[in-house]
Amino acid sequence: MANYSTNEFKGGLKVMLDGDPCSIVENELVKPGKGQAFNRVKLRNLMTGRVWERTFKSGDSLEAADVLELEMEYLYTDGDMWYFMKTDGSFEQYAVEKKALGDTEKWLKEQVPYTVTLWNDNVINVSPPNFIELQVTETDPGLKGDTAQGGSKPAVLSSGAVVKVPLFIEEGEVLKVDTRTGEYVSRA
Amino acid sequence: MEVDWQPTADIATLRERARLLARVRAFFSDRGVLEVDTPVLGHGGSTEMHLASLFAEATTPAGHERLWLQTSPEFHMKRLLAAGSGPIFQLARSFRDGEVGRRHNLEFTMLEWYRPGLGLDALIEETAALVNTVLGQELGDKPGPPQRRRYRELFRQTLAIDPFTLPLDALRRLAGQRGGLDMTDSDRDACLDLLMSLEIEPHLGRDGLEVVVDYPASQAALARHHRDPEDGARVASRFELYFEGLELANGYDELTDADEQAARFEQDNADRRAARLPEVDVDARLLAALVHGMPEGSGVALGLDRLIQLALGKQSVAEVMAFATPRC
């Protein structure tokens, strides 16, 4: 792979650092008047999601990371692996390990497109869409007439996620949920 | 794809900028300092190791020539001083290759002025007065007179080391550890620059203006040296002024010795060869002017875009420039 020098670092560039693929978040030149220049760089480790702050001598370089972000539909799980398929018409499938799936496991629904990050053709991350519609499989009976304010109760969704919902929600209803916050948005 | 043609500063900000520039001109006019305009191009350029110069291939009466875009108006202004100009100031477009970021732009406005016969202490006062004048009416509370900090003391207080005497390998270890990078091949100044940038600078000027003095002799550039009263160590007769963690100005008790100046240029180019950096043509006309004689005095260069950024409460220099480098 190619190398990128500090002056080519910009947001979104994928590079290798300490053996892990990272995405550049921010690159700031620091330089006392006529002194040596350094770059303070924030990078997101794509394996762990953690943000690292590192300093480089200006002109130093990092190896490019072979990272791709693709849209894929969720197909099914055999309990061991989770299977996704490219939406580009190729029908190419990828098996994803639990580790790469992370928290997204509780937001899985067949035929929904997810953003899948590939590194050297292996899936390292799966991100759900910001909003997803899921059915309530389990919750306490709804309170008739209580459609406005006051109180909430837990509801189990078809994907396994548990969210707080208003008291009037019934089992079997389909809800719109924000996957970033895990919060109920509205009835779908 | 959408083309980002719009200015990086909004029009209201450009109006404010014009108003502040007028205030700078009034400040110097009131003090009898002459405004000058010197060329952006020169036959010589800055030889400094850590300044990368741009050049232009030009056709002149002398034929095809390489002319250097000036990294500051210093050389031309010193030739005016030698020619008897008296005190002068300039709002000079200056160029430094590779320097683009929140605090840097490839081309920027340097406010530079020279005061024949004036010592460094008086120049520090004048620089603070200028900064207060520009910031004054924006920040209800002016920053006031500057706090003075010795370079050595700052390192002692912040990092518990003496930057002049700590052995190089210990300094490399500390810099490498604080910066999280390998500094084993770095020289003393590179280690000190890193620690200054990461550990000290961000805290400077948080409660008003702060001025750092008595830099290591190796970081003197075009300044004279003097002896540190503490133990006779050679220190550079220069200062840097900080406000809100930003380095604003760099002042010197100017070197007027032509031989010393020529030796420093040669040394710079030797260092450049060793580091496989391109050499820069030495400004022979500046050296000739120094041989003729430049009056003793002090001079200071101030990054005007940063000062305007602070005055207007902006987050980057791009926000106070019509078109920052990425959109130029």
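Residues are numbered from 1 along each chain as its sequence is written, while chains are lettered from A and ligands numbered from 1 in the order in which they are written. Because the model is predicted, local features need pLDDT of at least 70 and side-chain atom pairs count only at pLDDT 80 or more, whereas totals for chains, interfaces and linings use all residues.

Colleague: Which element gives the largest share of the side of chain A that touches chain B?

Modeller: Two residues are in contact if their C-beta atoms, placed from the backbone, lie within 7 Å, and this contact takes 16 residues from chain A and 24 residues from chain B. Strands (E, at least two residues) are DSSP runs numbered from the N terminus, and those of chain A that give two or more residues are S3 (20–30) and S5 (51–57). The largest share, four residues, comes from S5(A).

Colleague: How many residues of helix H9 (residues 304–311) of chain B are buried?

Modeller: A helix here is a DSSP run (H or I) of at least four residues, and a residue is buried if 20 or more other C-beta atoms, placed from the backbone, lie within 10 Å of its own. The buried residues of H9(B) include B:Leu304, B:Asp305 and B:Arg306. H9(B) is mostly covered, and the number of its eight residues that are buried is eight.

Note on methods:
Buried ≥ 20, exposed ≤ 12 C-beta atoms within 10 Å, placed from the backbone.
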